[in-house]
Amino acid sequence: SGLADEDFMKRLNKVIFQAFFPILMFNNLYSIPEGMTLNLRLVAVAIISVLLLQAVLLAVVPRLVKENERRGVIIQAIFRSNFVLFGLPLTIAVFGDSAASIAAMMVTVVVSIYNTTSVFILEMFNGEGKSDIKKTLKAVAANPLLQGAIVGLIFFFLGIKLPGSLVTPIAAFSNMTSPLAIYVLGGTLQFKAIRKNLKYLVPTLTCKLFILPAIIIAIAYTFGLRGLELFLLIAVY
C-alpha cells in the first residue's frame with residue numbers, strides 16, 4: 001500500500017533498538033516485586049550452556065566454513081536467539097503478567113552474555129585477524145538494552161520510586177515495544193537472499209531450531225527445571 005518502505009523500516013528499527021527496548025528493559029526490572037529472585041540453577045544452566053556452546057562452535061565452525069567473514073555470523077546465528085523480542089511476550093501470553101519480571105531478569109542475564117560475547121566473536125573474524133579490546137568493551141557498554149537494564153536494576157535495588165506521571169507513559173512505551181519490533185522484523189525480511197545462502201541456512205537453522213532445543217530440554221529436565229523456568233530456557237534456545 002506504500003505506507004512503509006525499506007528506509008522507513010530501517011529508521012523505525014533504529015528507534016526501537018535505541019529508545020523503546022531500553023524503556024522495556026528498565027520498566028520490567030523497575031517493576032520487579034520485592035522478594036522475587038531467580039532460580040540459581042536456571043541462571044547457571046543458561047550461562048554455562050551458552051558459553052560451552054560458543055566454545056564448541058569456535059572450534060568446529062572454522063573447520064567447516066572456509067569464508068572467514070561468514071564464520072562469526074554463522075556462530076552467532078546458531079547460539080543467539082531473539083529472546084528479547086519473543087521471550088517476554090511469549091512468557092506473558094503463556095504464564096500471565098506475573099511472570100514478566102522473572103522473564104525480564106532472565107533477559108538481562110542472557111542479553112549481557114549475548115552482547116558481550118557476540119562482539120568478541122565477530123571481532124575474531126573481522127577479516128583483519130585482530131581485535132581492539134578497548135573498542136570492543138566500549139561497544140558492549142554502549143548497548144542500549146544493557147543500559148536500560150542497568151538503570152532499572154539500580155532503581156530497583158536502591159528503592160527509587162518514580163511519580164505516576166512518569167510510570168504510566170514508561171509502561172505504555174514498554175507495552176508497545178514487542179508488537180512494534182515484531183512488525184518491523186516481518187517488514188525487513190529479505191526472501192530473495194535465501195537462495196544464494198541456502199547451503200549455510202539449512203545446516204545452521206537445523207542446528208538452531210531442532211538439535212539445540214532438543215538437547216537443552218533434556219539437560220534442563222535432568223536438572224529438575226519445570227514450568228516457567230523450563231519454558232524460559234527453551235525460549236533462550
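Helices are DSSP runs of H or I with at least four residues, numbered from the N terminus. By that numbering, F173 lies in helix α8. The model described here is a predicted one.

**Nonpolar core**
- The largest nonpolar core contains 59 residues.
- Within this core, the residues with the most contacts are I16, F21, F79, M106, L232 and L233.
- Helix α5 gives the most to the core, with 11 residues.
- In soluble globular proteins, nonpolar side chains tend to be buried together.
- F79, leaving aside neighbours within four places in sequence, is in contact with V50, L53, Q54, L57, Y114, T117, S118, I121 and K208.

- Apart from its neighbours within four places in sequence, F173 is in contact with F20 and I23.
- F173 and V184 are 11 residues apart in sequence, and their C-alpha atoms are 16 Å apart in space.
- T177 is also placed in helix α8.
- T177 has a relative accessible area of 0%, so it is buried.
- Not counting residues up to four places away in sequence, T177 touches I16, F20, F21 and L24.

**Helix α4**
- Helix α4 covers residues 83-95.
- Its buried residues are F83, V84, L85, G87, L88 and T91.
- These buried residues pack against five helices: α1 (6-30), α5 (100-124), α7 (144-158), α8 (164-187) and α10 (227-236).
- Just after α4, G96 takes a positive phi of about 90°.

**Helices α2 and α5**
- The axes of α2 (residues 40-64) and α5 come within 10 Å and cross at roughly 15°.
- Because angles under 35 degrees count as roughly parallel, α2 and α5 are roughly parallel to each other.
- The crossing of α2 and α5 is right-handed.
- On the α2 side, the residues that meet α5 are L42, V43, A46, I47, V50, L51, Q54 and L58.
- On the α5 side, the residues that meet α2 are M106, V109, I113, Y114, T117, I121 and M124.
- V50 and Q54 of α2, together with Y114, T117 and I121 of α5, take part in this meeting and are also among the contacts of F79.

**Salt bridges in helix α1**
- The structure holds two salt bridges.
- One of them joins the side chains of E6 and K10, with 3.7 Å from N to O.
- E6 and K10 both lie in helix α1 and are four residues apart, about one turn of the helix.
- E6 counts as partly exposed, at 49% relative accessibility, whereas K10 is exposed, with a relative accessible area of 54%.
- The side chains of D7 and R11 also meet in a salt bridge, at 3.1 Å from N to O.
- Because D7 and R11 are four residues apart in helix α1, about one helical turn separates them.
- An α-helix has 3.6 residues a turn, so residues three or four places apart point the same way.
- D7 is partly exposed, with a relative accessible area of 46%, and R11 is partly exposed, with 49%.

Technical notes. Residues numbered from 1 in each chain as written. Predicted model: local features only at pLDDT ≥ 70, side-chain atom pairs only at ≥ 80, totals over all residues. Heavy atoms only, no water. Buried < 20%, exposed > 50% of the residue type's maximum accessible area, 1.4 Å probe, protein only. Helix = DSSP H or I, 4+ residues; strand = E, 2+ residues; numbered from the N terminus. Contact = heavy atoms within 4.5 Å. Core = buried A, V, L, I, M, F, W, Y, C linked by side-chain atoms within 4.5 Å. Salt bridge = Lys/Arg side-chain N within 4 Å of Asp/Glu carboxyl O. Axes fitted to C-alpha atoms, helices over the stretch in contact; angles between N-to-C directions. Parallel < 35°, antiparallel > 145°, perpendicular 65-115°, else oblique. Left-handed = near helix turned anticlockwise from the far one by under 90°.
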